[in-house]
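I opened my notebook to look at rings, helices and a sheet. Here is what I looked up, entry by entry.

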Amino acid sequence: MNDAEFQLSVTQLGLWSADQGQRASPVHTVAWRWLIRGSLDSKAFTAAVTILLDRHEALRAGFGTREGRPVRWVTPHVTVDVGNDDARHLPEVQREAMLSDIIARERRAGFDLSKPPLMRMRLIRVADDRHVVLLFVHRLVFDEISAEIFLRELFQCYDALVDGRDAELPDAPQYGEFADWQQAHLEGSQGEPVLDFWRGRFAGAPALLELFGGTPRPPTQRSVGGVLRFVIPRETVAAVRQVASARHSTLFMAYVAILQVALARYSDRADVVVGTSMANRQTTRLTNVVGSCANVVALRTDLSGEPTFGDLLDRVRDVILDASRHQGMPFERLVEERNPSHHPFFQIGCGLASREVAGVDSAYLTLEAGESLPPEYSTLDLSCAGLSHDDRIEVTLRYDTALFDETRMTQFADHLTRLWQQVASHPDLAVDRLEMLSDNEFALLAAPPDAVSTPRPVDVLRQHASVDPGLVALEDGDGAMTYAELMTAVEVRRDRLAASGIGSGAVVSAVDDVVVTTLAATDLGATVELTSGVVLTPESLTALSAVDLGLRRGERLVLAGSAHPDLFAALAAGATCCPAPGEPRLPDLPEFIARSGATAAWLPMRVPPTMARELAGLRLLITGCATPPLGPLGDRTVRVLSSSAVPLAAVATAADDTPRLRPAPGVRAYVLDSRLRPVPPGVCGELYLTAAHLTADAQLMPNPFAAGGFMARTGHLVRAVGDGSVAYLGAVAEVPLVDGARVASRLVEAAVAGHPLVRDVVVRPDERDFRTAYVAAAGSIELSELRAFLVDRLPQYALPTAVVAIDEVPLAADGTVDGECLRAMAGSTSPAAPATPDTALTRLLVSMWSELFDGRPVAVDDDFFHLGGQSLFAVRLLAKIKEILAVELPLSALFTASTPAALADEIVKRLSGPDEAEELAASVEQVLLLSDDEVRQRLGS
């Protein structure tokens with residue numbers, strides 16, 4: 001009897017497309033573990049499995065393509081070799097290790113979809129009357145409900161075989177019935193309202209929910225999963241169950257609501273989407289279908305408006321009930337653009353199941369325990385799977401190890417548990433006031449500033465003068481001044497100021513002799529206003545002078561630009577400060593530094609990569625946080641973050657592209673969300689600075705964590721580290737939110753700077769989420785070329801959307817990038833004409849692209865997904881390439897080479913070279929140009 005062939009169900013089409021990107025990948029293997037007590041007959045058990053394979057067509061299905069389209073066929077009869085193992089002789093620890101090894105090996109084996117059955121089983125005897133059953137199945141033919149049906153019928157068939165009778169099983173609807181029902185349900189007048197519901201539900205929804213933002217995701221989701229387990233205790237579960245019941249909600253609804261509160265806190269978002277699985281067996285007839293029926297639905301909840309938890313629970317209940325009524329729509333139908341770095345609708349999954357399986361009865365066997373096994377691989381960023389058992393909830397966090405580590409997941413689990421306890425104790429509180437941080441965390445992240453006792457700068461400098469009177473403090477073109485001479489000048493100036501009535505609380509403008517005037521005035525208790533607009537109080541200058549910039553006593557330091565508070569920190573270190581004359585030109589600085597004999601330099605302006613290479617001989621470079629990566633100077637750089645209220649906030653030696661900033665003595669760094677709440681360690685937030693000496697000022701705001709205190713908003717985004725320091729991301733304007741993800745321009749610049757032709761680059765976002773790369777290069781670089789270079793370095797949402805060629809990065813008078821000048825350069829650049837195919841191979845691919853998109857004109861640098869390409873379109877395209885060119889490409893190739901030009905390069909790599917590729921494509925092109933008559937004539941000859 002021949003195999004029967006069918007179309008895939010709509011649900012299977014989405015899973016098939018995903019599998020094509022990862023052939024035989026264990027990502028798509030689902031597994032269960034059951035512990036069975038009783039005297040088990042392994043032959044009868046295997047025979048019972050065979051009966052079920054004959055009973056359910058989904059378990060005999062294989063998959064392939066026909067004329068570029070996926071098909072499903074059903075084989076009349078298949079068997080499963082149930083592997084038998086005996087572990088009775090092993091101690092419990094070794095037995096569990098053996099089981100773990102078997103599970104790992106079976107999962108990693110994956111499945112060949114063309115060779116049914118897509119199922120494997122193992123039977124491990126762990127005691128005379130106990131067996132562990134392991135079931136491994138491909139998601140294309142099985143789901144959670146199928147596992148329950150399979151286990152229930154397996155016990156019934158086993159009993160019948162042992163008794164020597166036929167099993168009394170109910171009528172078995174086949175998977176084909178589900179596929180037909182689903183197709184009819186989603187077509188025409190029935191399907192359109194469902195599609196309209198989901199389109200409306202996700203209109204304006206952000207594509208990403210980032211928990212620890214600021215760092216670009218991997219360009220392609222790697223699916224390497226980690227697992228962390230924790231327990232919500234029974235007394236907490238019981239209390240939350242009562243809260244839910246009072247609002248006519250289920251425990252699962254409360255489970256989702258509490259998870260979404262945690263996600264809202266981590267992401268600083270009130271618009272939160274999570275995914276959950278629903279059975280999608282919407283008629284009584286289909287209840288007992290074995291096969292891949294379940295759909296994952298997205299639950300989008302609005303947490304804005306300061307709702308109480310009860311109010312939020314009402315919202316979540318409505319969201320879940322609406323989703324249940326519209327659960328039949330597979331999300332593949334909604335996906336218009338696929339981003340390979342993340343799931344298109346949600347990145348966080350959740351579910352709550354019971355460990356008990358209803359209706360599993362046997363006269364000979366007892367099911368003692370059963371569970372679905374957490375995967376080693378993660379298809380989402382994070383899934384939060386709960387298992388209700390013994391009145392408590394065992395939670396398994398499965399996470400993508402490319403994004404999170406065990407420390408961060410342990411922290412998240414602690415915060416989630418604390419939110420459960422808060423809801424149990426304070427169900428009427430607004431969710432914004434539910435505290436998820438522990439007392440210790442809050443004390444660390446939101447402690448008031450310390451009042452430190454630090455020597456005054458004049459006292460520190462007097463000590464330098466006393467210890468080494470000849471040590472040079474300042475040196476310029478007019479000569480040198482030792483620390484002893486400097487302090488003599490300070491004392492003379494102090495006496496003059498005092499004689500003129502200057503005292504504590506007065507304000508002095510430092511125009512000439514800035515260093516001497518500042519030291520003298522602050523020695524009297526006076527406040528100094530520098531020409532740069534920075535105001536220095538005696539307290540702030542004292543805090544500044546205590547900062548360790550990494551300078552050595554007597555080390556020569558060049559300072560470029562106008563006088564800056566950092567100079568006083570350098571003097572406090574005993575350095576010899578050599579100010580560059582006037583406002584030096586950037587290209588002249590390397591020569592001046594070399595001539596001065598300096599081993600350290602303070603450069604407040606942007607340091608381009610070419611200059612960084614010229615300064616490679618420096619021992620130390622002091623610069624601003626927002627400067628680009630400095631290549632050979634990266635691990636010898638101290639980055640400074642300044643504020644007008646707290647002149648020197650923090651410093652750090654940058655050993656990578658994300659500088660670590662540590663507050664100066666007496667300065668406290670707060671990382672806060674949009675509601676001025678401390679964010680957990682590792683989470684992105686805005687940096688606020690406070691110090692005990694701050695007083696009321698128009699530029700300051702009240703400190704909510706210290707009564708009567710004040711703090712300064714810096715306008716910079718950082719990540720809390722947890723030890724008082726922060727990781728710097730960039731100015732708020734330079735780290736825009738794109739589709740829900742923070743994209744730090746400086747990190748995009750670092751990736752672009754790796755291109756071999758790029759000499760310097762600046763990336764600037766605009767209000768439309770476009771990112772323009774202003775590139776100074778040794779040759780012409782087109783946008784398509786640059787994106788192709790970056791495709792395996794940055795996620796799709798972080799790629800530049802335009803390229804503007806410049807000679808050099810324009811700088812403003814203060815040494816920062818001149819944004820107005822950049823925008824003028826962009827405005828003067830004419831848009832490039834669409835690139836046309838210049839080889840037979842690219843012409844052929846463009847033709848395939850165009851045919852796929854209903855004859856739409858296509859250029860060689862048009863992106864497949866920007867044109868509206870979906871996973872099913874991708875499968876058809878790659879099947880066409882295989883059919884015509886005999887080159888098989890994985891689906892992942894289209895994610896990394898998504899233009900005709902880039903895909904042509906991938907094809908060339910798989911052939912003997914460009915000559916063979918061009919000859920083959922030209923031959924195909926000639927055949928395609930023939931008329932039907934010409935084809936028949938040539939075939940006839």
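**Entry 1: aromatic rings.** I began with one aromatic cluster, formed by Phe212, Tyr266, Phe404 and Phe412. A note on the source: this is a predicted model, where local features need pLDDT of at least 70, side-chain atom pairs count only at pLDDT 80 or more, and totals for chains, interfaces and linings use all residues. Residues are numbered from 1 along each chain as its sequence is written, and side-chain values use heavy atoms, with hydrogens and water left out.

I searched the whole structure and got 12 aromatic pairs. Rings of Phe, Tyr and Trp (its six-membered ring) pair if their centres lie within 6.5 Å; planes under 30 degrees apart are stacked, over 60 edge-to-face, and the rest tilted. I looked up Tyr255 and Trp420: their ring centres are 6.2 Å apart and their planes stand at 65°, so I noted the pair as edge-to-face. This pair links distant parts of the chain, with Tyr255 in helix α8 (residues 251–267) and Trp420 in helix α10 (residues 406–425), 165 residues apart. Helices (H or I, at least four residues) and strands (E, at least two) are DSSP runs, numbered from the N terminus.

Buried or exposed, I asked of Tyr255? Tyr255 has 3% relative accessibility, so it counts as buried; the word means under 20% relative accessible area, with exposed over 50% and partly exposed in between (1.4 Å probe, protein chains only). Trp420, at 2%, is buried too.

Next I checked Tyr266 and Phe412, which form an edge-to-face pair, 5.2 Å centre to centre with 75° between the planes. Tyr266 sits in helix α8 and Phe412 in helix α10, 146 residues apart. Tyr266 is buried at 2%, and Phe412 is buried at 0%.

**Entry 2: a sheet.** I then turned to an open sheet of 3 strands, in the order β34-β35-β36, with mixed pairing. Its edge strands, β34 (758–765) and β36 (802–805), each pair on one side only. Two strands pair if DSSP finds at least two bridges between them. I found 7 bridges joining β34 to β35 (residues 771–777), and these two run antiparallel. Pro765 stands opposite Arg771 in β35.

**Entry 3: a serine.** Where is Ser745 found? I found Ser745 in helix α19. Ser745 has 4% relative accessibility, so it counts as buried. Leaving aside neighbours within four places in sequence, Ser745 is in contact (heavy atoms within 4.5 Å) with Glu734, Pro736, Val763 and Pro765.
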